[in-house]
Amino acid sequence: MRKSNSTYSVLVLALAFVLLGTLTSQAQILHKPVPADNPNLAGNSAWTAVCASAGFNEYFVNFTWDPPLVNSNNEFVLELSDANGFFSDPTELARVSDKNTTFDFEFQFALPSDMRGNSYKMRVRSTSPAKTSPASDAFSMYFIDYNSPLLISENGSGTIPSGGLIQICGGGSVTLKPHNIPSASTYIYNWYRSGTLLSTKSESITVSEPGMYYVELDYGDCSGSANTLSNTIEISTGTSAGLAINGPNSIAICPGESQVLEASISGMGLKYTWYKDGVVVNGPTIDASSYTVNSSISGFEGSYEVEISGTGVCTERSAPVSITRTGSFDITVNNSENIVLLPSQTKTLSVSTSATSANYQWYRNGVALADATSNSLLISEVGEYYVEVTDNGGPCTPEPIASTTTTVVSPDSFEFVVDYVGNYTSCESVDATLTLTAINAVSDNGAKTDVTADLQNSFDYQWKLNGVDVSGETSKTITVSDQEDNGEYTLMGTVDAFEALSNSLDITLTSNETLQITANGNVLCEGGEAIVLETSTDLTDKSFQWKKDGAVVDASSENITVSETGVYQLVITSNACPLVSNDITISAFDESLLVLDKPKDLILIEGETQTLTASGADSYEWYDAGNNLISSGSFYDFTEEGEYLLVAYFGTCTVSKVITVTYRDMFNIPNVITTNGDGINDLWVLPNTYSRDPNVLVTIFNERGEQVFSQAGYENNWPQSTTTFNKQNMIFYYKITRGGRSLKQGTITVIK
């Protein structure tokens, strides 16, 4: 027996109000943004790619959303993904606050000048409630900030060869690079060889094959909006002429001597470029087929090459020739470069050398010292000391080499410098180590000399906390690991009659205590159980603050009830440092988490079964129209038509769905009946969709438009026994309506 749809509707609505107080509000739906035409440009259509520049950068996207209304303080934000379509760090393009009652509007935006790529996407985010639309399709978006022809040259030198021709020989290669574009490495390039696009996308390309090479900036679908095609460089190849540097490939010369290097090819009017360690030292110069290496110039040692270029030959570089210095030797000073000489104190300076037969001469302030001709010197005066060493046993004419200078000073005072060891952060670190990093001898005119290495073991040390000696801390380093020892630290040092005090460093350690907050839920929903944040830490007599998104929301309650989404923390001030709890993120409930595998309006054939499965929730309850719990599973098998209620539980939040089940009509509305009394087709019978529904009104008119029958909840009972037909074939008109809205209309032919 079929049940009345009206009865089911009343029962289901009543059940929903009993269970939930009110039905959960339908959530807003944000649709993905789509390109729109520019209303400020006549005759244009929606864009397919964004090709912005300094001269034009005005674009529009259309955005629609579905009610209910957002909150009055809501803002809609248009966001842009990265070039790969990801929103891990989106860029805000536009924000509006005056569209909270407008369900269809357009954003205007300008493309940021650093955007270039083929897979950008957009989305729209609302702030109250916090929701995000699906992402748009992917689009090419380029800001064309460089729109001039590129100029390319070898290695980006700026010199374009005569006729644009570069010849390379013997399997060599040439690197081409633009030289007239700022920040060249930030762009993507299209390189071509004789019209064929190459795979290289970087700012430079190294080539060895002959052809016509040129480049343009790759602006993707916007490349046609730019004009960056470069000049052409022709690369040709040829046979090596066998260029070399005459003589051996390794040459050693004595100090003060020079060496002339000669190219093996000369007298042809060619250009010669000489290189040392890969860097040009001479040229390109016509007919400069020789180059002189002077050992009197510091740093002359190295690897030398020569390159030729010019008409009739291909560019070619020789094998390297190594130039070294012979007769050289090393001098090592065995003391530091800076020495402090205390009163009545003497020091010994000494050197060691690799010279085979060394002679020594010591100097003070540039003046040779009498009888100072050994590898060591006893000093008792301040000044600048060095020694000259001559090797009389080498292959070259003896030439003295001077050692580095050692500065000897007598201090007026000393200065200590202390610093933190490793990473220390105030109110974050649980321990800190301080150490002496420098000892400076200060002269009477204020000049400072670093004497750490020379004197750090000569001082007696004492660490002080807030000006008071720290017991037992008499080394150069101190480690503090207790909050009770927070304060200002200095290091005192004494040597002879000198006393030095360091700079001061503050140590403020955080507590090693852990502050934990908990919540009875993290999803905020209308009508759901209140979310309470609390901690097991005793907050009595403590200074504390509850924060949401970094802003203080409460400074007096030991627990708080959450009414807004956001990231919550508890901060306690402990020993002048904030003790910060873990974060708890409270998010808005999303009704779309409930997923049904079929539409909530089911149609089934009478006698068959339809299974509806729900997913996404923690638990489920299915009710029939009589407020009876019929299942607690994730699915239900429907066999009878009517209205049912599904309640899905997400923690303290619920979502309710009314499920409507109707029988499928197995026949159409008849347009012919016979009233001959044989019991077959005597009545005008409607499908289940329209019969016995108190909300459906069936009205029948005769051929003159006069109403002859009207019934809500039609019982398939026309014509009635009292109805008479005075013609053989009479035509009637019917109209089926629900709530004043027409559902069906047509004709009925009555055959007697």
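Mentor: Gladly, and let us begin with contact, which means heavy atoms within 4.5 Å. Among the contacts in the chain with a separation of 6 or more, 58% are between residues 24 or more positions apart. This is a predicted model, where local features need pLDDT of at least 70 and side-chain atom pairs count only at pLDDT 80 or more, while totals for chains, interfaces and linings use all residues. Residues are numbered from 1 along each chain as its sequence is written, and side-chain values use heavy atoms, with hydrogens and water left out.

Trainee: How many helices and strands does the chain have?

Mentor: Two helices and 67 strands. These are DSSP runs numbered from the N terminus: H or I of at least four residues for helices, E of at least two for strands.

Trainee: Why do β6 and β10 count as standing at the edges?

Mentor: Their open sheet has four strands in the order β6-β5-β9-β10, with antiparallel pairing. β6 (91–96) and β10 (130–132) each have a single partner strand, so one side of each is left without a neighbour in the sheet. From one strand to the next, the twist averages 20°, with angles running from 0 to 180 degrees between the N-to-C directions of axes fitted to C-alpha atoms.

Trainee: How do you know that β5 pairs with β6?

Mentor: Two strands pair if DSSP finds at least two bridges between them. Five bridges join β5 (residues 76–80) to β6, and the two run antiparallel. Leu78 stands opposite Ala94 in β6.

Trainee: Why is the pair of Trp684 and Tyr714 called tilted?

Mentor: Rings of Phe, Tyr and Trp (its six-membered ring) pair if their centres lie within 6.5 Å; planes under 30 degrees apart count as stacked, over 60 as edge-to-face and the rest as tilted. A search of the whole structure finds 35 aromatic pairs. In this one the centres are 5.9 Å apart and the planes at 50°, so the pair of Trp684 and Tyr714 is tilted. Trp684 lies in the loop between β63 (672–674) and β64 (696–701), and Tyr714, 30 residues apart, in the loop between β65 (707–712) and β66 (729–738). Trp684 also pairs with Tyr734, with centres 4.9 Å apart and planes at 50°, so that pair is tilted. Tyr734 is in strand β66, 50 residues apart from Trp684.

Trainee: What makes Trp684 buried?

Mentor: Buried means under 20% relative accessible area, exposed over 50% and partly exposed in between (1.4 Å probe, protein chains only). Trp684 is at 0%, so the residue counts as buried. Tyr714 is also at 0% and therefore buried, and Tyr734 is buried with 9%.
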